[in-house]
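I opened my notebook to look up how this protein is packed inside. My entries follow.

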Amino acid sequence: MTDSHNAADSLATTFAERLIAWQAEHGRHDLPWQNTRDAYRIWLSEIMLQQTQVATVIPYYARFLERFPDVAALAVAPQDDVMALWSGLGYYSRARNLHRCAQVVVAEHGGHFPSDPETLATLPGIGRSTAAAIAAFAYDAHAAILDGNVKRVLARVFGIEGFPGTPKIEREMWALAESLLPERDLPAYTQGMMDLGATLCGRGKPRCGECPFDSDCAAHATGRERTLPTSKPKKVQPQRYVDVLVIHAGERVLFERRPDSGIWGGLWSLPELTPPADAAETDDASLRERLIAHAVGLRAEGDAGARMAGEQTTPSLVPLQGLTHVFTHFKLHLRPWLVTFPTDRADDGNRGNGGRYAWLSTDGVAAAGLPSPIRKIADALSLATQDDGQLRLPA
């Protein structure tokens, strides 16, 4: 056996003990979801923390607990209320799965989260690593986590080459993570893994001098702190372009509920129209005709198909400043258009076409669950009606 194998075996033997000792002295101990055995609160925090930083999650976590203090309250809540509270946190499938999971826990588990990690992992939105974290913190379960922070720690400390997202490397990391588990102090160990990756062993500038494994870390010993874990092979990021319509009638704006699948699933958004490839200029006459025709049709659907005899239905159309929103896998370029109808026959919250569309006033917009770029458009327009009934752009 080589010296490197002996060193790795020695490190594996002492890894958990050293990590637990480090966490007790230097780890995080005052986060809102710590110091509790309440599986509901632990589960809520774990779902929110998926791909989202702690500082961003904290205010959302507090608002959720105020509105939904337990799993039963969340289970019976309307989906619109859940999506509205999640608005701005991103990755909206998490919110839909959160709601479905609460309903399953109440209906099939008597309102109590299972203690078995394998059973937890079958619930909506809970994968293997999240299930292990919930079970470890709430029930002292002997289960390993393997989120992005943990993968980074393991890749660097043990010198694991290869992109962690590939099945082969992920299997290798799962086997290592399970082999390192201690027989006791599972909550402290699990928290230590999270804390080490989030505070010292970060992506950009790891603070190796403060790490409990500084003298044994394979990446630090070979100067590979910046190259491990191996990055995902880069691809050209696709670009998508879409026109969005701010259809304004009187004091209200028409919103459309997004399908549950796809981006912004289940949220309220502005109606969209994908422009033809040859309609790049905002003053293109055929594009304007197409947008106006689409807006007229949408208004009819938003009003549940009602039409008033003799009503002038041709709206004005004004281009607004566009914006770009970056997703994980593509860039979305939004080009908003302010479409103003001369009369208002829509009641606040009136929903046409089976609830797919809703006319919302300023208060309704503020309370609705909107994607962050759509919220930016709404805020920039200051959806406030002036004395003359026209929507004013900010100066």
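This is a predicted model: local features need pLDDT of at least 70, side-chain atom pairs count only at pLDDT 80 or more; totals for chains, interfaces and linings use all residues.

I looked up the largest nonpolar core and found 102 residues in it. F15, W43, F113 and L154 have the most contacts inside this core. I noted what such a core is: buried Ala, Val, Leu, Ile, Met, Phe, Trp, Tyr and Cys residues joined through side-chain atoms within 4.5 Å. Buried means under 20% relative accessible area (1.4 Å probe, protein chains only).

Residues are numbered from 1 along each chain as its sequence is written, and side-chain values use heavy atoms, with hydrogens and water left out.

Next I checked L154. Leaving out residues up to four places away in sequence, L154 touches L146, G159, I160, M173, L176, A177, L180 and M193. Contact means heavy atoms within 4.5 Å. Another core, of 16 residues, lies apart from the largest one; L245, A249, L273 and V296 are among its members.

Then I turned to a helix pair. Helix 2 (residues 39-48) packs with helix 6 (residues 93-109) at about 160°, their axes 10 Å apart. Helix 2 is therefore roughly antiparallel to helix 6 (the word applies to angles over 145 degrees). I read helices as DSSP runs of H or I, at least four residues, numbered from the N terminus. W43, L44, I47 and M48 of helix 2 meet R94, L98, C101 and A102 of helix 6.

Last, I noted the overall count: 46% of the 395 residues are buried.

Definitions and conventions. Axes are lines fitted to C-alpha atoms, for helices over the stretch in contact, and angles run from 0 to 180 degrees between N-to-C directions. Helices (H or I, at least four residues) and strands (E, at least two) are DSSP runs, numbered from the N terminus. Angles under 35 degrees count as roughly parallel, over 145 as roughly antiparallel, 65 to 115 as roughly perpendicular and the rest as oblique. Buried means under 20% relative accessible area, exposed over 50%, partly exposed in between (1.4 Å probe, protein chains only).
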